[in-house]
Structures are given as C-alpha cells and as structure tokens.
Amino acid sequence: MSTVSLVADTEFKRVWLKPLHTVNITGIMGTGKTTLARYLYSLYKMGRTRRYQATSLYFQYDRDKIDDFFEAVEALESYAAFVVLDDLSFATTHLDKPTRELLHGVAKIRHRNRRVKRWVIVTIVHYSKAALPFLRLAATKILTSLTSTEEIETLREAYPVQVLWDYYHLYTREPTRHWILVNWLGQIGISSFRRPRRRCWDIVVNGPRCV
C-alpha cells in the first residue's frame, strides 16, 4: 500500500485487491499510458518481499499471438503477476472469435496458473468508448487524456461529472503536464504524472521490452 499526492493537497491510499486487482488506463496516443502502467508495476513490486516477488508480463494485442500470451501466463512461476494488455481498442470493438477467447481467458486467468497467488491485470485502450466494458469492471480506472466534451457523457459511469469537467479544463489547458484522473476503488483525484526513467518489463510476448 502506498500513498499518492493529488492536486488539491489531498491523498488517497492505493490498495491492491487480493487475489485479483484490475486496472484500466484510457487515453489518446502519446499520453504515457504504457509508461504509467510500468510505473504502477514499480509501485506494486516495491511492496513485494523476495519470497513473494512479482513478475511483469507485457502483451501488446495481436490476435495471432494470443496463444503465445496464454502460454506465457501458464509458465509464470512467481508468487505475484502484473499482466499488461496494451492496445486493446480494436479488440473490444471487433469481437471476433479470437478476441472473445482472449477476453474469456483473461477473466479466468487465475485458473490458468494456480502457482500465482496474486494478480494485477492492466488493460490499456485509446478511447473511452472502447474501454466501457473494462471501465465498468475495473477496480481502478485512470484517464491520461480528455480532449472532447462529448466524451464526458460516456465516462460518467466511472467518474463524477463535475470531476470530469475539472479534468477536461485542466488537461486541455496544460496537456504536456501529463495530468491523470484516477478512480482507485472509489477514491477519486487528479494528479500530474511524471515520466520515470526508462524501464523494462520482465517478460514480453509482443511489443517493446522497455518504456
């Protein structure tokens, strides 16, 4: 458990649900979604002891490599797993058979590898409409951008409307500050995300190894 400072000098406790914590990160390209996921892994890993170590597994969505992803999941040996599924926007809007199997497999991921006792599943999408199914289910929801007032209506299931407006005005005024809107188990706040130094994932099925 760690503490994050927010804009208005308020704080919220970051609690990781056991045995499975889900996180959804939504934002346009170039707003640091993958980097933010890697930063969250560093915070999660910080709370693990050597005995209860965590391993990160990164998968940039590719329908032809879904089997490779699940093979990597089943091969994990660590006590805790931090699994990132990146670039899922088109997967959620074109639900063909491979994609349905992927989403079903992720929903049952704990049963694919019982050696892992703690799971964090992070999904990353580019726009809010593609994220809605994950937004409704995720324990933690994070926006890295909000560029259109039309999006506010689609996001009101996950965030209070007034906070969305506050975030919209803040983000459009200072987009380079990497403002993020966070709903962590009902604790809501706006924070400025600072890009950390270049870091790498432990296991990569598809995509860049380092961010």
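**A mixed sheet and the helices around it**

In this predicted model, Trp 184 stands opposite Gln 187 in strand E9. Residues are numbered from 1 along each chain as its sequence is written, local features need pLDDT of at least 70, side-chain atom pairs count only at pLDDT 80 or more, and totals for chains, interfaces and linings use all residues. Side-chain values use heavy atoms, with hydrogens and water left out. Helices (H or I, at least four residues) and strands (E, at least two) are DSSP runs, numbered from the N terminus.

Strands E8 and E9 run antiparallel and are joined by six bridges; two strands pair if DSSP finds at least two bridges between them. Strands of a sheet pair through backbone hydrogen bonds, either parallel or antiparallel. Here, eight strands form an open sheet of mixed pairing, in the order E9-E8-E7-E3-E6-E5-E4-E10. Strand E9 (187–192) and strand E10 (203–206) are the edge strands, each pairing on one side only. On average, and with direction ignored, neighbouring strands of this sheet are turned by 15° against each other. For such angles, axes are lines fitted to C-alpha atoms, for helices over the stretch in contact, and angles run from 0 to 180 degrees between N-to-C directions.

Strand E7 (residues 140–143) deserves a separate look. Four bridges join E7 to strand E3 (residues 20–26), and these two run parallel. With strand E8 (residues 179–184), E7 pairs in the antiparallel sense, again over four bridges. Lys 141 takes part in both pairings: this residue is the bridge partner of Asn 24 and stands opposite Asn 183 in E8. Both faces of E7 are covered, as Thr 140 and Ile 142 on one side and Lys 141 and Leu 143 on the other are all buried, that is, under 20% relative accessible area (1.4 Å probe, protein chains only).

Helix H6 (residues 128–137) lies across E3, strand E6 (118–125) and E7, running at about 160° to E3. Helix H8 (residues 161–173) packs on the sheet and touches E7, E8 and E9, with its direction at about 160° to that of E8. Contact means heavy atoms within 4.5 Å.

Two other helices pack against each other. The axes of helix H2 (residues 66–75) and helix H4 (residues 97–107) are 10 Å apart, at an angle of about 15°. H2 is therefore roughly parallel to H4, a term for angles under 35 degrees. The contact is made by Ile 66, Phe 69 and Phe 70 of H2 and by residues of H4 including Pro 98, Leu 102 and Val 106.

Definitions and conventions. Parallel < 35°, antiparallel > 145°, perpendicular 65-115°, else oblique. Buried < 20%, exposed > 50% of the residue type's maximum accessible area, 1.4 Å probe, protein only.
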